[in-house]
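Colleague: I have a few questions about the words you use for this model. Please set each value against its cut-off.

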Amino acid sequence: MIKFETLNEVSLMVTCENGSGGHIFTKAGAFIGGECFGSKNFKFTKVMLGPQENIGRAILGQLARRFTGENLPLMKVEFSGDSITYYADNQQHVVVYRLEVGETIAVESENILAFTSNCDYGVRFLGQGVLSQKGLATSTLTGKSEDAYVAVLVDGNPLVLSNVHNGSTIEADPDAVVCWIGEDPSVKMDVSWRNFIGQSSGESYMFEWSSNTPATVIIQPTERISGVNISMDGGRSGSKPSQQRRLY
C-alpha cells in the first residue's frame, strides 16, 4: 500500500508498507530524502514520454503537452519494500488529495508534485485562451482504483472555494488557480477600449463556476505572469504587475 501525507506543510511524505512495492510519479528532482527498513529498496527513473503505460497513449500525451504548453517533467519512483520517502519543491506548500474511483482533478502541470500509478493522466481543453496562457488547457488526473493520491504545489497558503453545497458563483483569476475538482469553468472576458490605452482594471479575464457547475477550487495567493500585451503602455492585461524599474 502506498499512502501520501503532507508533512510540515511544505513536504510530501510517501509511505510504502506491507512489502507491496509499486511505483509513483513525481516532479523530476523533487526527492529530498528517505529511509528504508533494511537496504535501499527504491530507485528513480526518468520518464521520457509520459506516465501512460501504453506507448501509443504516451506519445499522443507528449504531443498534446507540447501543443498546449502543459509540460510535465516527471520521474518514476519504484519501490520494492517498506520505505518512507520525502518530496518537496522550492518550499511551496503541499496539498494532498485522495481521489475516488472515477473522480478527476484538473491541475496546472507546474503545480503537480506527485501522483500514484493508479491515476489516469490526460490533457483537457477548456476554451479560448486569448488573454491568458492558462485559458487553453489543463492537466487532468482521474482515480482508476482505490487509494489514488495526488499531491499539488501551492505558492503560499491555499484558498479553497466550493459551491458544491451552497450553489454560489465562483470567480477566480486563471493565473492564481491551482486546481479544481468537479465541473470545468467557463472563461469570461471583459475587454474594452480601456485595455488598449492601459487603463484596464488588470482583471480582464476570469474563470467562472456558476451555480449549475459545482466544483471545489484551490487558489494560491500569487499569480503567474501570463497574458497578451495589448495596451499602449506595454502592460499585460490581466497579469500581475512587474516590479517598476527606477531610472537614474
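Colleague: Why is Phe31 called partly exposed?

Modeller: First, a caution. This is a predicted model, where local features need pLDDT of at least 70, side-chain atom pairs count only at pLDDT 80 or more, and totals for chains, interfaces and linings use all residues. Residues are numbered from 1 along each chain as its sequence is written, and side-chain values use heavy atoms, with hydrogens and water left out. Now Phe31: its relative accessible area is 28%. Buried means under 20%, exposed over 50%, and partly exposed in between (1.4 Å probe, protein chains only). So Phe31 is partly exposed.

Colleague: How many aromatic pairs does a search of the whole structure find?

Modeller: The search gives 9 aromatic pairs. Rings of Phe, Tyr and Trp (its six-membered ring) pair if their centres lie within 6.5 Å; planes under 30 degrees apart are stacked, over 60 edge-to-face, and the rest tilted.

Colleague: Why is the pair of Phe31 and Phe42 called tilted?

Modeller: The ring centres of Phe31 and Phe42 are 5.8 Å apart, and the planes stand at 50°, so this pair is tilted. It links distant parts of the chain: Phe31 sits in strand E4 (residues 31–36) and Phe42 in strand E5 (residues 42–46), 11 residues apart. Strands (E, at least two residues) and helices (H or I, at least four) are DSSP runs, numbered from the N terminus.

Colleague: What makes the pair of Phe42 and Phe44 edge-to-face?

Modeller: The angle. The planes of Phe42 and Phe44 are at 65°, with centres 5.8 Å apart, so the pair is edge-to-face. Phe31, Phe42, Phe44 and Tyr87 form one aromatic cluster.

Colleague: Is Phe42 buried or exposed?

Modeller: Phe42 has 8% relative accessibility, so it counts as buried. Phe44 has 32%, so it counts as partly exposed.

Colleague: Why does Gln92 count as buried?

Modeller: Gln92 has a relative accessible area of 16%, so it is buried. This residue lies in the loop between strand E7 (83–87) and strand E8 (93–99). Leaving out residues up to four places away in sequence, Gln92 touches Glu9, Val10, Leu153, Val154 and Asp155. A contact means heavy atoms within 4.5 Å.

Colleague: How many helices and strands are in the protein?

Modeller: The protein has 2 helices and 19 strands. Of its 248 residues, 46% are buried.
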